[in-house]
Amino acid sequence: GVAFGAWGAHGAVNRIGPEATEWVKTGADYQLWHAAALLALAVAPVTLGALRSWVGLCFCLGALLFSGSVYLLAILGWHGLVFVTPLGGMLMLLGWLILFGYGLREWWKHR
């Protein structure tokens with residue numbers, strides 16, 4: 001994520017054009033945000049239990065599918081995995097929804 005973000009910010013536009021450069025930057029942003037979320041998840045309360053594994057899986061697979069397909073599209077111009085991009089986005093959203101549901105449940109129990 002860091003490497004693609006730096007390349008998108010400093011050198012990609014001359015090689016792949018401005019539109020594809022924005023795709024690389026978007027892929028890097030999503031990848032890095034979800035990497036940070038995974039680090040936070042690693043120190044989350046143990047009370048999350050199995051939910052922590054599901055959220056982590058959603059974040060990892062989602063970022064891999066979303067960012068990976070965007071990178072391939074931007075760099076190679078390959079549209080073969082375009083259908084994978086929304087699937088990755090949906091997995092990342094599912095991870096956030098699971099966390100939101102857990103937080104809402106905990107808030108409701110302790111209010």
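# Packing and pairing of side chains

Biologist: Leaving aside its neighbours within four places in sequence, which residues is Tyr 102 in contact with?
Modeller: The model is predicted, so local features need pLDDT of at least 70 and side-chain atom pairs count only at pLDDT 80 or more, whereas totals for chains, interfaces and linings use all residues. Residues are numbered from 1 along each chain as its sequence is written, and side-chain values use heavy atoms, with hydrogens and water left out. Contact means heavy atoms within 4.5 Å. With neighbours within four places in sequence set aside, the contacts of Tyr 102 are Thr 47, Leu 48 and Leu 51.

Biologist: How many residues make up the largest nonpolar core?
Modeller: A nonpolar core is a set of buried Ala, Val, Leu, Ile, Met, Phe, Trp, Tyr and Cys residues joined through side-chain atoms within 4.5 Å. Buried means under 20% relative accessible area, exposed over 50%, and partly exposed in between (1.4 Å probe, protein chains only). The members are Ala 37, Leu 41, Ala 44, Leu 48, Val 55, Phe 59 and Tyr 102, which brings the largest core to seven residues.

Biologist: Which helices each supply at least two residues of this core?
Modeller: Helices are DSSP runs (H or I, at least four residues), as are strands (E, at least two), numbered from the N terminus. In soluble globular proteins, nonpolar side chains tend to be buried together. At least two residues of this core come from each of helix H3 (18-42) and H4.

Biologist: How many residues does the second, separate core hold?
Modeller: Among the members of this second core are Ala 20, Val 24, Tyr 71 and Ala 74. The core is separate, and its count is five residues.

Biologist: What is the angle between the planes of Phe 59 and Trp 96?
Modeller: Rings of Phe, Tyr and Trp (its six-membered ring) pair if their centres lie within 6.5 Å; planes under 30 degrees apart count as stacked, over 60 as edge-to-face and the rest as tilted. The structure holds four aromatic pairs. One of them joins Phe 59 and Trp 96, with 4.8 Å from centre to centre. This pair is tilted, the angle between the planes being 45°.

Biologist: How many residues apart in sequence are the parts that this pair ties together?
Modeller: Phe 59 is buried at 1% relative accessibility, whereas Trp 96 is partly exposed at 41%. Because Phe 59 belongs to helix H4 (residues 50-76) and Trp 96 to helix H5 (residues 84-109), the pair ties together parts whose separation in sequence is 37 residues.

Biologist: Which residue lies over the face of Trp 108?
Modeller: Trp 108 forms a tilted pair with Trp 107, at 5.9 Å centre to centre and 55° between the planes. Trp 108 counts as exposed, with 54% relative accessibility. A charge sits over a ring if NZ of Lys or CZ of Arg is within 6 Å of the ring centre and within 35 degrees of the ring normal. At 3.9 Å from the ring centre of Trp 108, the residue over the face is Arg 111.

Biologist: Is His 34 buried or exposed?
Modeller: His 34 is placed in helix H3. Apart from neighbours within four places in sequence, His 34 is in contact with Phe 59, Ala 63, Met 92 and Trp 96. With a relative accessible area of 7%, His 34 is buried.

Biologist: What is the N to O distance in the salt bridge of Lys 25 and Glu 22?
Modeller: A salt bridge is a side-chain nitrogen of Lys or Arg within 4 Å of a carboxyl oxygen of Asp or Glu. Lys 25 and Glu 22 both lie in helix H3, three residues apart, about one turn of the helix. Lys 25 is partly exposed at 29%, as is Glu 22 at 42%. Their side chains meet at an N to O distance of 3.6 Å.

Biologist: Which residues are linked in a network of salt bridges?
Modeller: Glu 106, buried at 18%, forms a salt bridge with Arg 105, the closest N and O atoms being 3.6 Å apart. Glu 106 also meets Lys 109 in a salt bridge, at 3.1 Å from N to O. Lys 109 and Glu 106 are three residues apart in helix H5, and therefore about one helical turn separates them. The linked residues are Arg 105, Glu 106 and Lys 109.
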